[in-house]
Amino acid sequence: MAAVLLDGKVIAKRLKEAIKQEVAVLKSKRGRAPKLVAVEVGQNASSAVYVKAQKKAADSVGIEYELKVVPQETSQDEAENLIDGLNNDKSVSAIILQMPVPRGMDAKKLVNLISPEKDAEGMHPQNLGKILLGRYRIGPCTAMAVMELLESTKVNLYGKEAVIVGHSEIVGKPLSLMLLNKFATTTVCHIGTGERGALPGHVKRAEILIVAVGKAGIIKGDWIKDGAIVIDVGINKVGDKIVGDVEFAGASQKALCITQVPGGVGSITTTMLMRNTVELFKTQR
Ligand code: NAP
């Protein structure tokens with residue numbers, strides 16, 4: 001393999017160490033640690049995995065973590081009241097609503113109801129707007145994790161050809177603004193690009209390639225530009241294996257640096273949730 005592997009676990013460990021130190025200082029100054037509250041409406045297997053990872057990450061950096069599970073039958077009004085209560089609870093620094101919520105519940109409304117001052121996932125419109133303005137300290141965790149991976153390469157993004165495949169609100173869109181803020185020449189590809197058959201053309205000129213689609217192997221190894229930095233956000237189950245969106249074997253022969261799935265972006269995402277929590281705590285009186 002020619003490419004250098006960007007190891008998300010190593011980066012997450014370094015970031016967690018820094019967060020732990022900051023939490024310790026904040027705790028000694030303010031007499032309490034930041035507190036992250038996760039709200040889960042009904043219980044389901046997929047969010048159980050995330051909740052476990054969040055608790056582990058919080059424990060490792062000294063952040064207080066509380067999981068509030070409410071019954072599946074909780075009404076929209078009751079869920080809104082719960083979030084309202086947490087917004088007004090001074091002991092709570094940050095709130096995350098676990099997905100998915102039960103069918104029929106308006107998840108977007110609930111997320112937007114979380115106060116921007118307690119928005120652990122950085123998904124409140126006010127916090128997303130700050131990214132547009134280039135004045136942000138918190139942001140959507142996956143996009144922030146990608147930026148950490150890019151930073152670890154020490155590459156200067158100024159003027160570089162950056163191509164993002166996927167324009168979701170949690171990854172591609174915020175990332176496009178984060179890269180623009182660094183003066184990368186940023187192209188965002190989406191379903192329209194794919195349907196037009198224009199994906200290979202864009203990918204082939206990418207010096208920085210970030211893929212967040214959710215389709216195994218959609219990016220072929222021989223499309224990768226020699227010396228590119230490739231960040232694969234995709235998580236796909238193929239048989240009993242988890243793979244990314246990029247054909248790793250071929251891509252790693254051409255890229256300068258590349259992430260693996262698992263072991264790349266996903267390893268850092270929960271750490272970003274912890275960092276958002278600390279940043280929110282710092283701005284609260
Ligand atoms: P999403 O909301 O489904 O977005 C997928 C994006 O890919 C959409 O913008 C979609 O465009 C685009 N797309 C679909 N088919 C395409 C094609 N043939 N050509 C070009 N673009 C195409 O998914 P997401 O939440 O962003 O997640 C994307 C992947 O990242 C998933 O595998 C997910 O599991 C993974 N993920 C990983 C992490 C992590 O921590 N590692 C975190 C979040 C997500 P349209 O919207 O126009 O259809």
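A polar contact is a pair of N or O atoms within 3.5 Å, and this cut-off applies to the ligand contacts described in the legends below, all of which refer to a predicted model.

View 1. An oxygen atom of the ligand stands 3.5 Å from a polar backbone atom of valine 233, and a nitrogen atom of the ligand lies 3.5 Å from a polar backbone atom of isoleucine 191. The ligand taken alone exposes 920 Å², of which the protein buries 71%.

**View 2. The shell around the ligand.** The ligand is surrounded by 22 residues, and the closest of these are His167, Ser168, Ile191, Lys215 and Thr269. Sorted by class, this shell holds eleven nonpolar residues, ten polar residues and one charged residue. At least two residues of the shell come from helix H8 (191-195), and at least two come from helix H11 (266-283).

View 3. Most peptide bonds are trans. The bond from methionine 99 to proline 100, however, is cis, with omega near 0°, and proline 100 has its place in the loop between strand S4 (94-97) and helix H4 (107-113). Valine 261 and proline 262 are likewise joined by a cis peptide bond, for which omega is about -5°. Proline 262 belongs to the loop that runs between strand S11 (257-259) and H11, and H11 is also one of the helices that supply residues to the shell around the ligand.

**View 4. Lysine 154, a residue with positive phi.** Most residues other than glycine have a negative phi. Lysine 154, by contrast, has a positive phi, near 65°, and is located in the loop between helix H6 (141-152) and strand S5 (161-165). Because its relative accessible area is 72%, lysine 154 is classed as exposed, the cut-off for that class being over 50%.

**View 5. Phenylalanine 183, in a loop between a helix and a strand.** The phi of phenylalanine 183 is also positive, with a value near 65° in a residue that is not glycine.

Key
Residues are numbered from 1 along each chain as its sequence is written. This is a predicted model: local features need pLDDT of at least 70, side-chain atom pairs count only at pLDDT 80 or more; totals for chains, interfaces and linings use all residues. Side-chain values use heavy atoms; hydrogens and water are left out. A residue is near a molecule or strand if one of its heavy atoms lies within 4 Å of it. A polar contact is a pair of N or O atoms within 3.5 Å; within protein, one must be able to donate a hydrogen and the other to accept it, and residues adjacent in sequence count only if both atoms are side-chain atoms. Accessible areas come from the Shrake-Rupley method with a 1.4 Å probe; for residues, only the protein chains shown count as cover. Helices (H or I, at least four residues) and strands (E, at least two) are DSSP runs, numbered from the N terminus. Ala, Val, Leu, Ile, Met, Phe, Trp, Tyr, Cys and Pro count as nonpolar, Asp, Glu, Lys and Arg as charged, and the others, Gly among them, as polar. Buried means under 20% relative accessible area, exposed over 50%, partly exposed in between (1.4 Å probe, protein chains only).
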